[in-house]
Amino acid sequence: MSSFDPDSVGLSSGHFVDGAFTVAKGETLSVMRPSDGKCYAEINNAEAGLVDQAVTVAEEKRKSSGWSSCSPRERGAVLRRWADLIDADIEYLAKLEAVGSTRPISDVISHEVPFTAEALRFYAECADKFSGDVFPTRQDSLGMLISEPYGVIGAITPWNFPLSMASWKCGAALASGNAVVLKPSELTPFSTARFAELAVVAGLPAGVLNVVQGSGQTTGNALVSHPLVRKISFTGSTETGAKIMCQAALSGTKPVTLELGGKSPQLVFDDAGDVDEIAERIFLGFTTNAGQACVSGSRLIIQKGIANAVIDKLVEMCQQPVPGMTWNAETRYCPLIDRRQGEKVHSIVSASVQAGAELIVGGKRFEDTAEGWFWQPTLLGNVSQDNIAVQQEIFGPVLTIQIFENEEEAIALAKHDIYGLCAGVHTLNLQRAMRLMRTLDAGTVWINRYRRTKDFIIPTGGFQGSGMGKDLGRQSFESCMRQKSVLIDF
Ligand code: NAD
């Protein structure tokens with residue numbers, strides 16, 4: 001797709017409730033474009049009243065429309081039509097995403113939008129594939145476990161991958177017969193609204209998927225606290241996840257799925273193979289979306305014999321990216337979401353260097369990028385395990401480098417007190433790879449690769465402070481249903 005004028009992209013206004021856009025009275029929030037820092041729209045901050053309306057409609061419509069009780073195959077058919085409409089609408093959806101988020105248009109066209117449609121197709125397949133259980137009881141009785149939807153699921157998403165995060169949560173919840181009230185990040189509201197609108201065009205009964213716009217404190221909190229919301233599916237920071245867990249416990253002991261932050265290690269051994277290939281994996285692992293990915297492989301833990309060769313190559317690669325507006329077709333390197341995020345990256349990198357880290361390359365903003373916050377890919381060497389850049393999730397293109405001599409040392413460095421989201425292991429030694437697969441405290445271990453695929457059958461989710469429960473996979477579909485035990489005497 002060619003470059004486009006960001007001011008030419010039409011935006012929906014308001015919340016999407018009961019199949020239509022609506023604006024409530026009250027406070028508005030400005031929405032900024034990450035590429036140039038321009039305030040390009042406002043959203044209405046949904047307060048408790050509007051959230052209540054969305055949740056009540058969702059509960060009514062999931063029952064009255066038959067969505068919760070129809071044949072799962074029928075739900076699957078709607079999800080498939082929805083996915084086709086997303087593919088057909090790729091140009092508009094991609095523009096919405098490229099204007100408002102950090103993702104360049106080329107990336108959104110090749111990945112974000114097609115992945116969104118594919119995730120819905122995956123859940124369409126799930127709809128009628130998994131069943132309950134029958135237990136060995138006396139011959140004159142029948143013991144069963146049946147699954148049923150929770151009712152209304154509250155879904156809350158972050159700003160870093162707005163469309164795909166929405167599709168993971170809505171796909172699982174809707175395919176299993178629930179209704180959803182979705183709150184996207186207030187920083188990236190518009191593509192999600194269009195995503196929901198297309199669901200209704202595809203045949204999802206109006207009111208079964210509603211989108212409420214607003215801040216976490218007002219709208220998000222009202223959604224989590226609503227008594228008719230029976231489960232929360234959240235993706236965001238570890239800090240917010242903890243607040244949501246408390247609020248969900250206080251407002252009906254609701255189950256929560258939490259996909260939270262990470263500080264993931266990439267372990268490279270001397271026997272990992274081709275240096276250029278390894279450097280490429282490491283580089284993409286910490287610079288994709290300018291490091292604003294939960295799975296960012298932001299801690300390089302590398303064996304002494306191969307370290308210099310890989311680091312030299314990484315330095316070269318770090319000097320290549322050219323920042324650009326996300327609406328320009330040639331842009332590959334994207335901005336940080338906003339000034340606040342830029343200042344956070346700056347303060348952690350500065351504190352890390354002050355504490356003894358060696359700034360190998362990067363460490364500052366690109367010049368001449370006006371109000372957009374484009375951060376140079378940054379390598380920090382000579383970092384101790386307690387260095388702030390090793391300990392804190394930075395959410396920017398910053399890689400810390402630690403060198404080890406043997407496997408035990410590598411395992412000790414990989415350990416993190418808070419996070420356990422992902423880990424990368426780069427070695428051609430099969431025994432070592434298998435050992436580390438078992439040893440590492442991470443919800444996902446990638447061996448000789450470091451990125452997700454369209455194999456949505458593989459679930460994702462973290463350990464410890466990186467969360468609980470899974471997105472994707474049959475596990476996420478099943479987690480949107482509650483299990484009921486039944487015993488029949490005859
Ligand atoms: P965030 O926690 O600030 O916000 C996430 C969402 O929660 C937003 O919609 C926000 O409005 C809402 N929110 C904030 N406070 C709330 C509250 N008290 N009650 C209810 N909702 C509230 O996170 P962010 O800055 O948008 O996203 C970045 C974070 O998300 C990073 O930590 C990243 O690692 C994490 N993330 C995790 C995954 C994963 O799969 N594990 C994926 C993407 C992002």
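## Terms and model

Ala, Val, Leu, Ile, Met, Phe, Trp, Tyr, Cys and Pro count as nonpolar; Asp, Glu, Lys and Arg count as charged; the others, Gly among them, count as polar. This is a predicted model, in which local features need pLDDT of at least 70 and side-chain atom pairs count only at pLDDT 80 or more, while totals for chains, interfaces and linings use all residues. Residues are numbered from 1 along each chain as its sequence is written, and side-chain values use heavy atoms, with hydrogens and water left out.

## The largest pocket

A pocket is an open set of points on a 1 Å grid over the protein atoms alone, where a 1.4 Å probe fits, with protein on both sides within 12 Å along at least five of seven lines. Its lining residues have an atom within 4 Å of a point. The largest pocket holds about 1300 Å³ of space. Of its 40 lining residues, G236, S237, E239, T240 and R340 are closest to the centre. By class, the lining has 14 nonpolar, 17 polar and nine charged residues.

Helix α8 (238-250) is among the elements that supply at least two residues of this lining. It gives the most, six residues. Helices are DSSP runs (H or I, at least four residues). Domain 1 (6-260 + 467-489) and domain 2 (265-455) both contribute to the lining, so the largest pocket lies between them. The domain bounds come from an automatic or database domain assignment.

## The second largest pocket

The second largest pocket has about 1100 Å³ of space. It is lined by 42 residues, and R103, D107, T288, N289 and R451 lie nearest its centre. Its lining divides into 19 nonpolar, 15 polar and eight charged residues. Domain 1 and domain 2 both give residues here too, so this pocket also lies between them.

## The ligand

Polar contacts are pairs of N or O atoms within 3.5 Å. A side-chain N or O atom of S237 is 2.7 Å from a ligand oxygen. For a polar side-chain atom of K183, the distance to a ligand oxygen is 2.9 Å. G236 uses a backbone N or O atom, 3.3 Å from a ligand oxygen.

Conventions: Grid points are joined across faces, edges and corners, and a volume is the space filled by probe spheres set on the points. A polar contact is a pair of N or O atoms within 3.5 Å; within protein, one must be able to donate a hydrogen and the other to accept it, and residues adjacent in sequence count only if both atoms are side-chain atoms.
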